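Please read them with the structure open.

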Amino acid sequence: NSNSGAVDLTATVAQALSHFSYHASDGNELLCDLQGGRVDQSYVLSDVVIMSKSKKYGNTDLGVTGIENWLSCHCCTQFCSPDWKTWSGARRLIQPVFSSTTTLDAATAPPTSNKLVRVRPSAINFTQDTIKDRFQDGHTLLQTALQIAREEVSKRDIRMINVVRLDGRLFALDNRRLAVFRLLEICGRVGTIKVEIVPISTYVDEWNRKLTTSDGGESIKIRGGRYLIGKSTYDTNFPGLQQIRDAYPNRDILPDERFSIFLGGFTDN
């Protein structure tokens with residue numbers, strides 16, 4: 001398995017070992033990224049990863065986010081005990097991949113290549129309490145969401161969202177862009193989006209200026225009105241949701257590559 005949650009279902013002992021590590025540590029740690037093989041009656045593992053709530057095991061330790069994500073992907077095998085600790089309602093927050101070990105700590109990444117990860121918009125928190133209803137170029141949030149849903153994004157460049165990681169949670173520095181993708185997720189038009197993890201130390205001034213959320217970033221209000229964008233239809237009263245759902249050409253979920261590769265000047269400031 002991998003630390004991003006990718007699982008080889010034929011490796012039943014390995015999946016159980018990872019699950020047991022979570023149980024044995026009382027939910028504080030999880031052993032994963034298991035690779036190796038069996039030698040006689042023993043298993044030899046190499047380059048394993050330990051994820052912890054305190055994120056104390058280096059750059060591949062994805063903290064609480066990684067543990068929750070991994071458990072959301074886990075299916076118990078015949079070697080797992082029903083008495084072992086689980087995470088009820090665990091959410092998939094990172095795209096599971098086998099190709100490499102995932103890291104969320106961009107502070108130690110090479111300066112020419114910040115870490116990119118795929119997450120659901122609802123797994124990213126707002127930093128601001130309120131936002132304007134339009135971008136600097138005059139397009140409203142609804143117009144922008146409709147353009148993406150209609151696959152017209154090639155007509156406008158959409159820059160990737162910058163996020164910072166704090167205490168195992170992701171916070172957006174680009175709140176209006178996140179609001180648009182939250183709307184698209186609520187309407188079933190996107191699943192995950194590609195975001196860039198940036199070190200908070202590089203964005204201290206912007207972080208301090210924007211950190212006004214009063215509910216931990218769960219939702220955001222539109223200035224000058226009564227509209228709210230949350231994580232689902234239950235806590236969102238933004239008008240135009242049905243328009244986004246019905247947007248041409250179809251109602252399929254759009255691959256994030258459709259819009260994440262356009263990284264031009266679409267700004268929140």
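**Notes on the predicted model**

1. The S2–S3 pair. Strand S2 (residues 36-39) and strand S3 (residues 42-45) run antiparallel and are joined by four bridges. Remember that this is a predicted model. Val39 stands opposite Ser42 in S3. The two strands form a hairpin, with two residues between them. Asp40 sits in that turn and has a positive phi of about 55°.

2. Two further aspartates. Most residues other than glycine have a negative phi. Asp33 is not a glycine, yet its phi is positive, about 55°. Asp33 lies in the loop between S1 and S2. Asp47 is also not a glycine and has a positive phi of about 55°. Its loop is the one between S3 and S4. Is each of them buried or exposed? Asp33 has a relative accessible area of 7%, under the 20% cut-off, and is therefore buried. Asp47 comes to 61% relative accessibility, over the 50% cut-off, so Asp47 counts as exposed. Please look at both loops in the model.

3. The chain as a whole. The secondary structure of the protein chain comes to seven helices and twelve strands. The chain has 269 residues, and 46% of them count as buried. Take the contacts with a separation of 6 or more: residues 24 or more positions apart account for 70% of these.

4. H1 against H2. Two packed helices are described by the angle between their axes and the distance between the axes. For helix H1 (residues 12-24) and helix H2 (residues 63-73), the axes come within 12 Å and cross at roughly 135°. That angle makes H1 oblique to H2. The crossing of H1 past H2 is left-handed. On the H1 side, the contact involves Gln15, Ser18, His19 and Tyr22. These meet Ile67, Trp70 and Leu71 in H2. By class, the contact has four nonpolar, three polar and no charged residues. An α-helix has 3.6 residues a turn, so residues three or four places apart point the same way. Check the H1 contact residues with that in mind.

5. The cover over H2. How many residues of H2 are buried? Nine of its eleven residues are, and H2 is mostly covered.

6. H3 against H4. The axes of helix H3 (residues 141-149) and helix H4 (residues 175-186) come within 9 Å. They cross at roughly 55°. H3 and H4 are therefore oblique to each other. Here H3 passes H4 in a right-handed crossing. H3 contributes Leu141, Thr144, Ala145, Ile148 and Ala149 to the contact. H4 contributes Arg176, Val180, Phe181 and Leu184. By class, the contact of H3 with H4 has seven nonpolar, one polar and one charged residues.

7. Burial of H3. Eight of the nine residues of H3 are buried, so H3 is largely enclosed by the rest of the structure. Leu141, Thr144, Ala145, Ile148 and Ala149, named above for the H4 contact, are among the buried residues. Leu142, Leu146 and Gln147 are buried as well. Glu151 follows H3 and has a positive phi, near 60°.

8. The three-stranded sheet. Which order do the strands take in this open sheet? The order is S7-S11-S12, and the pairing is mixed. The edge strands are strand S7 (130-131) and strand S12 (228-229), each pairing on one side only. S7 pairs with strand S11 (residues 220-222) in the parallel sense, over two bridges. Within that pair, Ile131 stands opposite Ile222 in S11.

Conventions
Residues are numbered from 1 along each chain as its sequence is written. This is a predicted model: local features need pLDDT of at least 70, side-chain atom pairs count only at pLDDT 80 or more; totals for chains, interfaces and linings use all residues. Side-chain values use heavy atoms; hydrogens and water are left out. Two strands pair if DSSP finds at least two bridges between them. Axes are lines fitted to C-alpha atoms, for helices over the stretch in contact, and angles run from 0 to 180 degrees between N-to-C directions. Angles under 35 degrees count as roughly parallel, over 145 as roughly antiparallel, 65 to 115 as roughly perpendicular and the rest as oblique. A crossing is left-handed if the near helix is turned anticlockwise from the far one by less than a right angle, and right-handed if clockwise. Contact means heavy atoms within 4.5 Å. Ala, Val, Leu, Ile, Met, Phe, Trp, Tyr, Cys and Pro count as nonpolar, Asp, Glu, Lys and Arg as charged, and the others, Gly among them, as polar. Buried means under 20% relative accessible area, exposed over 50%, partly exposed in between (1.4 Å probe, protein chains only).
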